[in-house]
Amino acid sequence: MVIIMEHDATKPQIDDIINKLQDLGFNIHQSTGIDHTLLGVIGDVSKIDPRDMQVLPGVADAYRISAPYKLVSREFQHKNTIIDIKGVKIGGDEVAVMAGPCSIESKEQMMTIAEIVSNAGAKFLRGGAFKPRTSPYAFQGLGEQGLKIIREAADKFNMLVITEVMDKEQISLVSEHTDIIQIGARNIQNFTLIRALGSIDKPIFLKRGISSTIEEWLMSAEYILSGGNRNVMLCERGIRTFETYTRNTMDLSAIPIVHKLSHLPIIADPSHGTGLRDKVIPMARAAVAAGADGLMIEVHHDPEHAMSDGAQSLLPDQFVDLMKQIREIAKVIGRTIADARV
Ligand code: PEP
Ligand code: MN
């Protein structure tokens with residue numbers, strides 16, 4: 001941490017800060033310039049809040065020079081984390097494609113969509129059984145029945161399951177049916193939930209919060225890693241900005257930023273990122289070009305009658321086209337996408 005003193009800070013003010021920090025066990029490196037005195041605080045500063053320094057008499061500014069997260073950082077682990085789920089890898093050369101409807105609605109619906117997306121090359125079937133809806137009157141998901149349906153559909157088409165957990169109490173039930181646990185944008189700062197994910201043996205798909213900074217998002221991942229679960233992937237799904245044309249603003253720059261800051265895989269979700277079907281394909285292409293380790297795409301065979309997120313769900317043919325396009329893009333940057341099955 002660096003503390004910058006006001007140009008007219010007095011010697012007693014400077015000494016006071018130095019003594020305080022030395023009493024806490026830090027070493028201080030003082031550098032006296034023409035205008036300002038700088039204090040370099042050496043030691044584990046993760047427990048000091050720079051704001052507690054900023055309010056001290058004589059201090060002009062104080063900030064951290066190292067990140068507050070450790071285990072998720074590239075400094076801690078230089079090599080990319082590759083998550084192996086029943087032999088399917090996320091974070092390696094292959095770009096993982098996760099596709100399916102927003103909500104699990106019926107067995108027929110899941111069987112229909114699973115066949116379409118698996119034939120096109122998706123290896124993961126998505127769909128929510130517990131849905132975080134803005135309105136309490138909107139469809140809330142099929143619950144346990146939905147979990148059984150998505151598992152059956154995935155097994156039939158040799159796919160893996162990703163589905164959301166909204167509550168700590170749901171972890172064991174959902175874990176019985178899924179291969180990856182999704183934590184939704186509204187829940188990534190539910191600290192009792194994310195702490196509980198640290199001690200389970202299931203890969204976690206951690207969406208970015210609607211208003212999370214990248215640092216806050218990585219801190220949520222740190223909760224899970226620090227509990228012992230190292231299989232975490234991040235998902236950029238758009239953030240709230242002043243723009244109203246799209247549902248969210250898809251922050252594609254988060255992809256290279258996360259790759260620089262962290263070793264964890266990052267997946268892009270242009271469906272929630274834009275909220276509009278015709279914007280999903282261009283943003284999906286761009287996300288692969290930007291280096292995303294995977295895509296999460298909502299697909300529905302009858303989006304007009306979908307129980308949720310129909311407007312952002314691709315039609316089957318659009319998904320097939322997208323898969324062809326991103327295979328070409330992946331090649332250019334030295335990555336692969338699974339072949340279509342038919
Ligand atoms: C979803 O994946 O359907 C979902 C609810 O996503 P998010 O948490 O990003 O809104
Ligand atoms: Mn959705």
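Predicted model: local features only at pLDDT ≥ 70, side-chain atom pairs only at ≥ 80, totals over all residues.
Side-chain values use heavy atoms, with hydrogens and water left out, residues are numbered from 1 along each chain as its sequence is written, and chains are lettered from A and ligands numbered from 1 in the order in which they are written.

Me: How many helices and strands does the protein have?
Reply: Helices (H or I, at least four residues) and strands (E, at least two) are DSSP runs, numbered from the N terminus. On that basis the protein has 11 helices and 14 strands.

Me: Which strands form the closed barrel?
Reply: Strands pair if DSSP finds at least two bridges between them. One such pair is β10 (residues 180-183) with β11 (residues 204-207), parallel over 3 bridges, where Ile183 stands opposite Leu206. The closed barrel has 8 strands with parallel pairing, and its order is β7-β8-β9-β10-β11-β12-β13-β14.

Me: Which residues have the most contacts inside the largest nonpolar core?
Reply: A nonpolar core is a set of buried Ala, Val, Leu, Ile, Met, Phe, Trp, Tyr and Cys residues joined through side-chain atoms within 4.5 Å, and buried means under 20% relative accessible area, with exposed over 50% and partly exposed in between (1.4 Å probe, protein chains only). The largest such core has 69 residues, and those with the most contacts inside it are Val117, Leu125, Ile183, Leu206, Trp217, Ile297 and Phe319.

Me: Which residues coordinate the manganese ion (ligand 2)?
Reply: Donors are N, O and S atoms within 2.8 Å of the metal (3.2 Å for Na, K and Ca), and water is not among the atoms, so sites may look incomplete. Along the chain the donors of this ion follow the spacing C-x169-H-x25-E-x10-D. At 2.1 to 2.3 Å, the coordinating residues are Cys102 (SG), His272 (NE2), Glu298 (OE) and Asp309 (OD).

Me: Which parts does the pair Glu298 and Asp309 tie together, and how many residues apart are they in sequence?
Reply: Glu298 and Asp309 are both among the residues that coordinate the manganese ion (ligand 2). Glu298 lies in strand β14 (residues 294-298) and Asp309 in the loop between β14 and α11 (316-332), so the pair ties together parts whose separation in sequence is 11 residues.

Me: Is Glu298 buried or exposed?
Reply: Glu298 has a relative accessible area of 0%. With that value, Glu298 is buried.
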